[in-house]
Amino acid sequence: RFIFALWHLLPQNTQFADHSSSAVMHRRALSRVAASSRPRLLSRHLLRRMSTAAAEIAERGAAAGLKFYQFSFVDLFGVQRSKLVPASRVAEIAEGGAGFAGFAAHLDMDPTMGDLLAVPDAATLTPLPWQPEVGWLSCNLVHEDTELAHGPRNVLRSVQARLAEHGVALKTGVECEFFLLDGSAPAARPALSDPFDVQAKP
């Protein structure tokens, strides 16, 4: 069950064209794993940590000259969802969480359930190499003052904690993919460096 859950939790490059049937399978799989660990209510201690983390994000971001922050999380298909937050609002929004419509982000929610909050992890603050004025942040998902049980990062953290109880450390790897572009092509019309690569979709 751990292996099945982790395979689906990590960001994948494959996106499904038919979300209807695939979403059901993903949601049922994550729900089974999430059901084995009770959702954690946000204690006063955790709320204080969120406030401290918000101040840390603002302070580190100011020192790095960041103008925007990308609050990000991964949906049930491994697709990144994000919201761009200006530096002038980052401390306020980081403390309370950035609001998202959970049902629109392919999570097991419906429109009547209210906003989903993405609370950033200060330890993940990273300036984007290709846009150094933007800082990327990985977020934990919170709904109605409780960590969202089937939020992919929450499930992963829960599995890590359960493995740690047995003296096991989880290690993962990332498969990086890239395209070589023709540097002499206009920026508005980027082109692949290989003229013989004529596939409609690489």
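Let's start with a cysteine: Cys139 is buried, because its relative accessible area is 1% and anything under 20% counts as buried. Keep in mind that this is a predicted model.

**Cysteines**
- Cys176 makes a handy contrast to that: Cys176 is exposed, since its relative accessible area comes to 66% and the exposed label starts over 50%.
- How many disulfides turn up in a search of the whole structure? The search comes back with zero.

**Strands**
- Cys139 sits in strand 6, where it is the bridge partner of Pro120.
- Strand 6 covers residues 131-143 and runs antiparallel to strand 4, with four bridges joining the two.
- Strand 4 also pairs with strand 3 (residues 98-100), again in the antiparallel sense, this time over three bridges.
- In that pairing, Gly99 stands opposite Leu117 of strand 4.
- Why call strand 4 (residues 116-120) largely enclosed? Four of its five residues are buried, so the rest of the structure largely encloses it.

**Helix 5**
- Helix 5 takes in residues 152-164, which makes 13 residues.
- From first C-alpha to last, helix 5 reaches 18 Å, close to the 18 Å expected at 1.5 Å a residue.
- Which residues of helix 5 are buried? They are Pro152, Asn154, Val155, Leu156, Ser158, Val159 and Leu163.
- Here's a tip for reading that list: an α-helix has 3.6 residues a turn, so residues three or four places apart point the same way.

Terms used:
Residues numbered from 1 in each chain as written. Predicted model: local features only at pLDDT ≥ 70, side-chain atom pairs only at ≥ 80, totals over all residues. Heavy atoms only, no water. Buried < 20%, exposed > 50% of the residue type's maximum accessible area, 1.4 Å probe, protein only. Pairing = 2+ DSSP bridges. Disulfide = S-S within 2.5 Å. Expected span 1.5 Å × (residues − 1).
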